[in-house]
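Subject: Structure handover

Hello,

Here is the structure we talked about, with my notes below it. Please read the notes with the model open.

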Protein chains: 2
Amino acid sequence: MKESLRYALLEAQLELARRASRSVVLVVTGHAAAGKTALINELNHRLENRLTEVHALAPSSEERERPYWWRYWRRLPARGRVGVFVHGWYGDALFARAEQRLGEGAFRDRLAEIRAFEAELAAEGVAIVKLWLDIDRDVQGRHLKALWHDPERAWQVKEHDWQRHLQHDALAALGREMRRATEADHAPWHRLAGGPGETPIKALAHRLVAAMAGPLPEVEPPAGRPATGVGAPPRLADLDDASPEAMDKASYRERLREAQARLAGNAREMQRRRIPVVLVFEGQDAAGKGGCIHRLTSALDARQYRVHRIAAPSDEERAHPWAWRFWRRLPLDGRVAVFDRSWYGRVLVERVEGLAEPAEWRRGYDEIRRFERQLLAHGAVLGKLFLAVDKDEQLRRFRSRAETPHKRHKLTEEDWRNRERWDDYRRAIDDMFVHTHDVDGGWALIDANDKRRARLAVLDHVNRLLEARLAEPR
Amino acid sequence: MKESLRYALLEAQLELARRASRSVVLVVTGHAAAGKTALINELNHRLENRLTEVHALAPSSEERERPYWWRYWRRLPARGRVGVFVHGWYGDALFARAEQRLGEGAFRDRLAEIRAFEAELAAEGVAIVKLWLDIDRDVQGRHLKALWHDPERAWQVKEHDWQRHLQHDALAALGREMRRATEADHAPWHRLAGGPGETPIKALAHRLVAAMAGPLPEVEPPAGRPATGVGAPPRLADLDDASPEAMDKASYRERLREAQARLAGNAREMQRRRIPVVLVFEGQDAAGKGGCIHRLTSALDARQYRVHRIAAPSDEERAHPWAWRFWRRLPLDGRVAVFDRSWYGRVLVERVEGLAEPAEWRRGYDEIRRFERQLLAHGAVLGKLFLAVDKDEQLRRFRSRAETPHKRHKLTEEDWRNRERWDDYRRAIDDMFVHTHDVDGGWALIDANDKRRARLAVLDHVNRLLEARLAEPR
C-alpha cells in the first residue's frame, strides 16, 4: 500500500474516533483460500488497532441460548470504533445453505433479515462495508494444495476448506444471490479478486476511508412487513365507557392466590423446557405497573427472573444503536425477563418529548416488529401488557402519592409534565397498538382503574400465554 | 414480617438507589432443605425487584474459559443495587471440598482468596452480608422425605440434596471452618436456623437494612502476600548510564522479521493449546508503546488478539469497584489481550494526579498482585513491559510530534502537564516495580530511548515468555 493511502486511512480513523459520531462495520467473506485472513491481518496492521475489533465467531453457550442476532448486536462497535467481522452473518447464511442446514425459503428469509439488520444499523450511524473475495476454482485448488504441502503454512488449511473447494461453483452461485439480495447504497458490496498474487488491500483501504470520513449514504428503508395482526389492535377508547367496580378484598385475595399458584407451575415448566419468556409492561404514570409486576414475580423463583427498569441510557448505551440496550438484556433460555418500560419508549416518550426525530421513531415500529420476531423465532414467549388508567384516576393516585410518606418517592416533576401531554401520549399509544399488534406479539390492553382487577388480569393474561405455549406439540 | 420492618427495608433500598454510593451483596448458603430458596424468594418479594439481581450460577463456556473469579466480577451489582448470590463462591468452595474436588490445602487457599476478594469489594464500597442457614440432620432428613412424597413439591428436591444430607455432619464442620476463616467486620456471617417452622426472614431483613443504610464498617485489610519476587525488581535508575547506540535500519529489519516469525509460530501454538496471554504495556508518554504494540500485533492473526487502550472509565465502569473494568476485558482461552496502559494506572496516574486517595492506591498493590495471580492460576501467560525514555528523549519526541502533521494528534496538553511531574512519576514507577515484581509476573524494564532496539527487546521478551510456557510439560 502506498504511504499516502496509509496515512489517509490512519487519519480517517483518528478523525472517526475523535468525532465518535459513527462506527464502521466491515464484513469480509467469500471463497476459501482467497486470502481473507491475510487481507484482514494486513488491514489490521494498517489500522490503529486500539480502535479496532476483529470478530471470528464460534458461538458460546451464552450466544446459542439467545436469539440468533444477539451474538452480533453484542459485538457492534461503539461510535468512533471499527468492527471487522470475518464471514459474520454472511458466512452463517452461506455455509448453512450450502450444507443444507438452511432450506431455500429459510435462506431467503435470512437474507431479508440481513437487509433489515443492515438498514437499521445504517440508519443509526453505522457505516457498512462488505467485501466478497473471489478466486477461480482451479487456482483455489492449486493454492490449497500448495499450502497443504508447505509445513510452515499447512495449518492454514482447515477441513472445511476442502469441502468449500468442492462446492466452489455452488458457493459462487449462492454468493451472487446473497449479494444481489443484500446490495444497498448504505451497505454496498465490493467484489475483489483474491488468491495468490492479488492485493485487494488497496481497494479495501479506499472503501474504508470513504466509510470513515465520507458522507453517509441515504438509507433505503427495507420493505418492512407490516404488523400482520391478531384481530384488530386495541384502542384506548375501548376502555372509555368501562367503569370497573372495585373488587372486594376477600375474593381478590383468593383469586390472586389461585392465579399465582397457576403461574408458579407454568413458570417452572417453562424453565424445565428451557423456554425463555419476555414480558413487557407499559402504561401511563401511576397505572400500577410496579404493583402488577410485584404480584407476578411473587409467584416466580427469584433465580428464574430479572426485572429490567428502563430509564435513561448509560454512556456505553448511547454509543450504540438505540436497540442495543434492549438486546443486551435478553434472557437465557428458561429465564424470564420482565421489562418495566421497554423498547416502546422509542415510539412513546421519545416521540412525544421530541427525543427522537420523526423519521427515527417512525422507523421504530418496523425495528420493534423485527426485534420481537427475533425473540419469537428463537422460541421465546412474548407478552406485552399495557396498563391504562383514566385521567381522573391518575390525578387521584398522584395526590395520594404526594400525601403518603412512603409513596412520595414515586411522584416526580416529570410525572406532572407528562400529564400535561396526556392527549399526545394517548395518540402515540394508539399508534403503537396499530403498528405493533402482531402475530404472537399482540398487546393486552388492561383496564387499570381498579388495581385489584388489573393485577388479576395481568396474571390471567400471562398464564394464558404460557399455557398456550405449553399446550403446543413439542 | 411486620409492616414497619417491610417499610424500613424498602425505604433503605430506595435510599440506597437514590444515593448510589454503595452496592449490597448478599450471599446465602448452608444446608440443603434449610429453606434457602423460600427465603430468597420471600426476600425478593419484599425488595424493590427492579433494583435487585439474583444469581444462581451454572457457569457458561464464556465463564469457564476465564479465571475463576470472572464469573462473580461480571455479576457485581452497580452502586445503588443489590446482588443476591445463591451459594455463590461459598457453595463452590464448600461442595468442591466435600466432594474431594478440592484438597485440604487448596480449600484453605480458596478461603484466603475469598477473604481477600471480600475485603477488596468492601474497600470499594460494597456492603456484604453473608448468611448460613442451619438445619438439624434428622429434621433435614424428615423434611426432604416429606417434600419428596408431596407431588406438588417433589421438584424442589434435587439429586445432590440427598448427597448433602448424607454429608450433613461433614458439611457442618466444613461450614464452621469456612465461616471462621472468612469472618470479618466488613463481611460478617449470620448463622440462622432454617428448616420447617423457622422464619429467618426477619433477622435477614434487619441485617440488610443495616447494610443498605448503616455506617460502612472499617475494612480489615487481608494479610496480603507481598510480592515474592523473581530476583530484585528493576529500577529506572538502572538505565541512567545506558546510552544505547542507534541501530542501523538494515539489521533492524532483518532481526524484526525473524522475531515476528518466531512470535507468529509461538502465538499459533498458544492458540492451539488454548492458553490465554495477557500483555501489559506501561511507559512514560512518548516512550513508544503504540509502535511496539504495532510491531507485536503485526505478527499475530487479527482474530486472535485485542488491544485495549485504557483511558477514562465509562459511567458503568465508575459504578463498580475499580478493577471491574479490567476484569471485563480478560481474554478467552487461546486469545491474546494487549493492554495499552492498564490496571497499573491505579498506582501511577491515579496516585500522582491525586485521583485515588493514598489508602486506595496503597491497597492497589495487593489488589493487583491478587488479580494477576488469578490470571496465572487460570493458566494465562502474563507479560508486563515498561518502556522507559529519559527526559531529554521525551522532549525531542514531543517536539517532533508537534512538528509532524500526522503525529500531532498524539501530543496533548496532558502530556506536557505529566512531564512537569516527571520525578513524581519516577517515584511511583519504582514503587510499582518493588511491589508488583512477582513470581511469573515480573516486570521487563525496556530501554526505549532507541525505538528499534526497544521494539526488538519487546518482541524478544514476549517470545521468551511464550517459549518458556510452551516448554513446560503439559
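Helix 6 of chain B is followed by B:Gly125, whose phi is positive, near 85 degrees. Helices here are DSSP runs of H or I with at least four residues, strands are runs of E with at least two, and both are numbered from the N terminus.

First, the ground rules. This is a predicted model, where local features need pLDDT of at least 70 and side-chain atom pairs count only at pLDDT 80 or more, while totals for chains, interfaces and linings use all residues. Residues are numbered from 1 along each chain as its sequence is written, chains are lettered from A and ligands numbered from 1 in the order in which they are written, and side-chain values use heavy atoms, with hydrogens and water left out.

**Helix 6, chain B**

This helix covers residues 104–123, 20 residues in all. From first C-alpha to last it reaches 29 Å, close to the 28 Å expected at 1.5 Å a residue. The expected span is 1.5 Å times one less than the number of residues. Its buried residues include B:Phe107, B:Arg110, B:Leu111, B:Ile114 and B:Phe117. B:Glu118 and B:Glu120 are also buried. Buried means under 20% relative accessible area, exposed over 50%, and partly exposed in between (1.4 Å probe, protein chains only). What do the buried residues of helix 6 of chain B pack against? Helix 4 (70–73), helix 5 (88–98), strand 4 (126–134), helix 9 (168–182) and helix 16 (358–377) of chain B.

**A:Glu118**

In chain A, A:Glu118 lies in helix 6 (residues 104–123). Is A:Glu118 buried or exposed? A:Glu118 has a relative accessible area of 1%, so it is buried. Neighbours within four places in sequence aside, its contacts (heavy atoms within 4.5 Å) are A:Trp89, A:Tyr90, A:Ile128, A:Lys130, A:Thr182, A:His186 and A:Ala187.

**Rings**

Rings of Phe, Tyr and Trp (its six-membered ring) pair if their centres lie within 6.5 Å; planes under 30 degrees apart are stacked, over 60 edge-to-face, and the rest tilted. By this rule there are 52 aromatic pairs over all chains. Take A:Trp89 and A:Tyr90: the ring centres are 6.5 Å apart and the planes stand at 45 degrees, so the pair is tilted. A:Trp89 counts as buried because its relative accessibility is 0%. A:Tyr90 is also at 0% and counts as buried. The rings of B:Trp322 and B:Phe326 have centres 6.1 Å apart and planes at 70 degrees, so that pair is edge-to-face. Both B:Trp322 and B:Phe326 are buried.

There are also charges over rings (NZ of Lys or CZ of Arg within 6 Å of the ring centre and within 35 degrees of the ring normal). The charged end of A:Arg66 sits over the ring of A:Trp70, 4.1 Å from its centre. In chain B, B:Arg66 does this over B:Trp70, at 4.1 Å from the ring centre.

**Sheet in chain A**

Five strands form an open sheet in the order 2-3-1-4-5, with parallel pairing. Two strands pair if DSSP finds at least two bridges between them. Strand 2 and strand 5 (189–193) of chain A are the edge strands, each pairing on one side only. The twist averages 20 degrees from one strand to the next. Axes are lines fitted to C-alpha atoms, for helices over the stretch in contact, and angles run from 0 to 180 degrees between N-to-C directions. Helix 5 (residues 88–98) of chain A packs on the sheet, touching strand 1, strand 3, strand 4 (126–134) and strand 5 of chain A. Its direction makes about 30 degrees with that of strand 1 of chain A.

Why is strand 3 (residues 82–86) of chain A largely enclosed by the rest of the structure? Because five of its five residues are buried. A:Val82, A:Val84 and A:Val86 cover one side, A:Gly83 and A:Phe85 the other. Strand 1 (residues 23–30) of chain A joins strand 3 of chain A through five bridges, running parallel. There A:Val25 stands opposite A:Gly83. Strand 2 (residues 52–55) of chain A pairs with strand 3 of chain A over four bridges, also parallel. A:Glu53 stands opposite A:Gly83.

Best wishes
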